Amino acid sequence: MEETPVYFNTSRLEEGGFSSSSPSALMLPSSLPSVQQMKFNFRQYLNHGGAELKRRLLAHAEKNERCLLHVDLNDLKVYQHHVSEADLKCVDTPYCKKKHHAAPPDFARQLVTGLRQRPLVYLPTCERVCEEVIEKSAILPPRQLAASLALGGTAGRHGRRGPVQVQINLMDTSATHTPIRHLLSRQQEQFVVTTGIIISSRPPASRLQTVTIQCRYCNHKMIISLPEWREQLQLPRFCLYSQQRAAVASTAGPASVLGGDAGDLADLGCRNKPDPYFMVTNECSFVDVQSLKLQELPEDVPTGDMPRHLLLNCTRLLTDQAFPGDRLIIHGVLTTNVATPAVRHTGSKETDQPHSSYLHVLGLQKVSFMSLARTRLSFTQTEQRDVFYKLAQSQNILDKIAKSLAPALYGMEEVKRACACLLFGGTQKVVADGSRLRGDINVLLLGDPGVAKSQILKFVDKIAPISVYTSGKGSSAAGLTAAVLRDRTGVFTLEGGCMCLADGGVVCVDEFDKMDERDVVAMHEAMEQQTISISKAGINTVLNSRCAVLAAANPSFGSFDDTQDSSEQHEFKATILSRFDLIFLLRDKENYETDSALCTHILNLHAQKNVQRGNDDEEIIPFELLKNYIQFAKSLPPPLLGADARDALKNFYVQTRQDVRDDKRSKTRKIPITLRQLESLVRISESFAKMELSPVASSKHVQMAIELFSVSTAETARHSLVFEGLSPAEQKLIKQAEEAVLGRLQKGQRAQRKNLLRDLQMQGFDKNVLNRAVAILVRRGDLQERGDRSLRRP
């Protein structure tokens, strides 16, 4: 039987995207142009206003058979104000057979209005125009062009395309972004622009685009074209050809049915028989589709509320363009998934699921931290740039930035300086073999309870443009890195953790010591290589985790004991500690002057709503200005090390290692600096240069980095050496105290620690020397310390 198109065809493959036989199928309001007029307007724009767009189209088509063309509606709006008389004239070309035919003066505005109000109707027409431009150009080989022209007019009806398939990536950069939580019923079936972060993705799948069905009784064939935003296929309940013959026979008589024999109607055998059609699979065409889950940006979620999600439907060339952790600006149509109701069995208690909304993606724009910052703050304005450069040239800008971080906290100048380095970050490098050297700075705060570690983390989380805050006790390896989950259809999907969601920002991990060891091991790759490798359930991929880590932890026994080795008071291994650029040991020491000043500051803070800091107010940068300054500094080209800076780092590294080798008091000769610490110094130096908006890191920045490294990581390394670094006189006193302690205890004898030390103090020994001696004997195994604070000699 003859193949015939379906009456309600809505395929993008037809002329204009819809069947021309029924204008009512379009349902276009009178304020919008017709499909043919829209086709003419877009050709005018390509030939006159979109010359650069046409050049990009032909350049892509010359190299690839599938072309993704980026079209911005904002360019059309700008072009409308510059339309000249020559742009309205249509030359006598194959595009238009009418002479003296001109476009309306507002044809660019009509393009914008039509693509915004009915993008699913007009966008296929624009794509077909691009394909016709490619076919009529001279860039295609003659053989390929002849094969395309041989298809002729059947190209639209049967789903075949030309030699180059074009998809328009439609964007509107001038539109206001609508948050996901505000996409409600008012935005249904409307063109919207929203932002978010991809948290999970399904692998691309094939969906039917054109379906060829055939009647099993009369062999009648039909071609049904499915829109890319329609989920399911609905086959005709009865044979349409048989119904058409019956309708003709009832009106014109049986003799008029395709030849005149009345018996032909009964010979078909499909009249009033349900479900006569089956799909001819080898004559169907398919299209690539992919489902993504978009989540609100972490910094946009209100406090105490759950982040909202939105499903995305990407088709054709927009598949495999986004991965978990990517921040996107999505342009598309918000629509509803209307699923066909399932057949219920007797006794079934299942109920119909509510219709779920999803966004059919028409344009996808992947944004980095810098582009997102420019979008929010409009850095193109000269006034803002002048303010930032004037602030960078002020005196003591580094001290001002450090004091502006958590100004309500007293002291902790070095910790605040380290957090400032973490916020600005260093420079990421890409070596010749394609591997990357991280530029983010990781900081660990290891200290006693009540020294404001959590307050520092909260402030950094609030001021960082991209940040995720989590607690070590409630976080798992999958929650920090990535996980492979099975959805309700049985398909495995990849869902990124907080380190993927904070790509380009900061991850604040509180109670870092409460994490399980296997969960900490999962962070090794993410902190150094800044990637997360996944190999589960047949999914092998690598995700980006280009983020800085700020962690806070407590000692194993609640607070630090200065008489014991600091490495024995926490459970972190060297493999995770070496990935932190700066490590601070924060102790709550007893000092009268410090305690008095801190007490006065706390009381003033509770007595007044706004604490007056006196002259320090002029040195405090306002919160919003500092946040914008950080974004602006990270959007500039990153600084590089100067020649004097490289020489200063080389001299410090070589001299420090040589001093340790020449130290005769060191028995184990532990080297406090390695190549990993040298790279940390490079990153810290570059971050100091960023704070001054300097394109080059000088020797001055290197010296400040060395000073910060010396009071943090190097000081921590010195505390981990109980007997190293002591003078000969101190070593002699500790040796005498060891002998005195062992002399008071016989083998197998036990005594209370406080009583033993009290008796030895009465003999003239110093308390700190005795504590050090006991710590060394316990670590060496000569003494055993029990839970009741008693000492036993084995």
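Helices here are DSSP runs of H or I with at least four residues, numbered from the N terminus. The model is a predicted one, and the exercises below move from the whole protein to single residues.

**Exercise 1.** Describe the protein as a whole through its helices and strands, its buried residues and its contacts.

*Solution.* Begin with the elements, of which the protein has 29 helices and 27 strands. Next take burial: of the 794 residues, 47% are buried. Finally, consider the contacts between residues at least 6 apart in sequence, where 75% join residues at least 24 apart.

**Exercise 2.** Find the loop that holds Met412, and work out how the helices α13 and α14 pack.

*Solution.* Met412 lies in the loop between α13 and α14, and its phi is positive, at about 55 degrees, although Met412 is not a glycine. Most residues other than glycine have a negative phi. Turning to the helices themselves, α13 spans residues 397–404 and α14 spans residues 413–424, and they pack at an angle of about 100 degrees with their axes 8 Å apart. Since angles of 65 to 115 degrees count as roughly perpendicular, α13 is roughly perpendicular to α14. In the contact, Leu398, Asp399, Ile401 and Ala402 of α13 meet Lys416, Arg417, Ala420 and Phe424 of α14. Sorted by kind, the residues of this contact are five nonpolar, no polar and three charged.

**Exercise 3.** Determine which residues of helix α3 are buried and what covers them.

*Solution.* In α3, which runs over residues 73–80, the buried residues include Leu73, Leu76 and Tyr79. These three lie on the same side of α3, because they cover an arc of only 115 degrees around the axis. An α-helix has 3.6 residues a turn, so residues three or four places apart point the same way. The cover over the buried residues of α3 includes the helices α1, α4 and α5 as well as the strands β2 and β3.

Conventions
Residues numbered from 1 in each chain as written. Predicted model: local features only at pLDDT ≥ 70, side-chain atom pairs only at ≥ 80, totals over all residues. Heavy atoms only, no water. Helix = DSSP H or I, 4+ residues; strand = E, 2+ residues; numbered from the N terminus. Buried < 20%, exposed > 50% of the residue type's maximum accessible area, 1.4 Å probe, protein only. Contact = heavy atoms within 4.5 Å. Axes fitted to C-alpha atoms, helices over the stretch in contact; angles between N-to-C directions. Parallel < 35°, antiparallel > 145°, perpendicular 65-115°, else oblique. Nonpolar A, V, L, I, M, F, W, Y, C, P; charged D, E, K, R; others polar. Arc of directions from axis to C-beta.
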